[in-house]
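Trainee: Can we go through the labels on this model one by one? I want each one set against its criterion.

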Amino acid sequence: MYECPNCGGNLKFDIASQQLKCDYCLTMKDPYEVTKDKDAEESNAFDVTVFTCPQCGGEILSTDTSVAEFCSFCGASTILDSRISKEKRPAYIIPFQQTKDACKEIYLAKMKRAIFAPNELKDKKYIDSFRSIYIPYWAYTISHKGHIHMTGKKSYQRGNYHYTDHYGLSGDIDACYSDLSYDASSSFSDAISEQIAPFDVKQTKQFTPSFLSGFYADTADVASDIYKDDAIKIANDSSYSKLKNLPDFKDLTISSGSSNSDLNTLLHTHCDVPERTLYPVWFMSYRKGNRVAYATVNGQTGKVAADIPVDSKKYILGSLLLALPIFLLLNLFFTFKPTFTLGVSVVLAILTFVIHMSEVSKINQRDQRADDRGYLFQQSEKPGSSQKRKTSSAARGGSFGSLVAVIIAALIFIINPVADFWYYGGTIIAFIGILFTIIAIIRKYNILATRKLPQFDRTGGDDRA
């Protein structure tokens, strides 16, 4: 806790003023002027309280002595286990710019457009559970400096002759790309990180622990070299593209290699040791059973990303209200043959089957977090870890209705009965089967709009195995 010099109260960082503010006497202090004796010395580590959720094992850091009562990762409302730890000191931080009230307004504006979202996602008590968390990032600086030589050619035709002119392109390059950032937390999904990006690094400040007063911070557990090649590729591609678009080069075909390794040599690419940084995120979780949905708001720019499940009752009612007038209009102006209606039901059955299977595949990808390299790295570091993938039990089944619809329609077309009754009856049965698959699709979408409850290894302090 950072004590107020006037009354001894707790100084916390105030977003509106960008100063430390006492809750009791309203004293304002510059974050760089307030230090604890143990933080005053230059060090590559600083003291924090580590809160560990007893349900999912997720860890958050705090410089305050207050008890964390809410786990952002799984939504558990409980007293979290805690311990004192020394953490690597970040070099830079982007302080929060968006207040909690602004964050809630931004989220509500998005939810107003989500007409099929469950009512509890719009409940004020739920929305009030937003928590401010600093997410750790690796910030890479890539530079290109030195003499470069490229080859190019230009082909043209004069009369019956084809000509090719060859050029040697030489010059000096001096370019630098700073703060190419990737999240350093295995518990913070890469997909969420990309959705709320970018952060304006022009507002980056030198880190001092007092910025964390009144906030939580996630732990950094992803190695810095995981995203190094990605950062280098972004810088290489940008410089190479600018070189090719120079006025004198535009009409030429550049023959220099464009692979990352070739560009490293050509551009004299150098990657500095990445810096630890902290970026602000408003974080909220919605837990239902063993699934959890996240809503995140960029604490600097206000960009929002949210997992939004669908209320099946709202969706079916809305679909019926839309389908009935369309059916009546079609019935007034068009007459469909029974074979045509049955054929349409087959097309719809196949379409719903494909959509359902696509969602099953996406659910498996999401639950395995196959696109989250930070998480996969953290998992691979565990003793006896295995990358064997399993199919999510929540993703099995659901396409039976569409298959039945296709089979019944196929049998009717093969038998080719004379009476239209069979075609209309088969169409009705097919649409009932399609309805079952549509309901399954909604359920699968809700699984896709949520995530498996995070399960982290719990280590250190007073944690129990």
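Mentor: Start with pairing: two strands count as paired if DSSP finds at least two bridges between them. Keep in mind that this is a predicted model.

Trainee: What makes β8 and β9 a pair?

Mentor: Strand β8 covers residues 131-158, and strand β9 covers 161-183. They share 21 bridges, in the antiparallel sense. The criterion is at least two bridges, so the pair qualifies. One of the bridges sets K145 against D174 in β9.

Trainee: How many residues lie between the strands in the hairpin of β8 and β9?

Mentor: Two. In that hairpin G159 takes a positive phi near 65°.

Trainee: Which way do β8 and β14 run, parallel or antiparallel?

Mentor: Antiparallel, with nine bridges to β14, residues 275-288. I133 stands opposite V281 there.

Trainee: How many bridges join β8 to β11, and does that pair run parallel or antiparallel?

Mentor: Two bridges, and the strands run parallel.

Trainee: What makes β12 and β13 partners of β8?

Mentor: Again, the bridge counts. β13 (residues 269-271) has three bridges to β8, antiparallel, and H144 stands opposite T269. β12 (residues 253-254) has two, also antiparallel, with K153 opposite T253. The cut-off is at least two, so both pairs pass.

Trainee: Why are β1 and β3 said to stand at the edges of their sheet?

Mentor: The sheet is open, with three strands in the order β1-β2-β3 and antiparallel pairing. β1 (11-14) and β3 (28-29) each have a single partner strand, so one side of each lacks a neighbour in the sheet. β2 (residues 19-22) is joined to β3 by two bridges. L20 stands opposite K29 in β3.

Trainee: Which residues make the contact?

Mentor: From α10, G401, S402, A405, I408, I412 and F413. From α11, W422, Y423, G426, I429, A430, G433, I434 and T437.

Trainee: How many of them are nonpolar, polar or charged?

Mentor: Nine are nonpolar, five are polar and none is charged. Gly counts as polar in this scheme.

Trainee: Is S193 buried or exposed, and what decides it?

Mentor: Buried. The relative accessible area of S193 is 8%, and the limit is under 20%, so the label holds. S193 lies in helix α4, residues 190-196. Leaving aside neighbours within four places in sequence, S193 is in contact with Y137, D183 and F188.

Trainee: Last one. How far apart are K88 and A45, in sequence and in space?

Mentor: In sequence, 43 residues; in space, 4.5 Å from C-alpha to C-alpha. K88 lies in strand β6, residues 81-88.

Trainee: What does K88 touch?

Mentor: N44, A45, F46 and R276, not counting residues up to four places away in sequence. Contact requires heavy atoms within 4.5 Å, so each of these residues meets that limit with K88.

Technical notes:
Residues numbered from 1 in each chain as written. Predicted model: local features only at pLDDT ≥ 70, side-chain atom pairs only at ≥ 80, totals over all residues. Heavy atoms only, no water. Helix = DSSP H or I, 4+ residues; strand = E, 2+ residues; numbered from the N terminus. Buried < 20%, exposed > 50% of the residue type's maximum accessible area, 1.4 Å probe, protein only.
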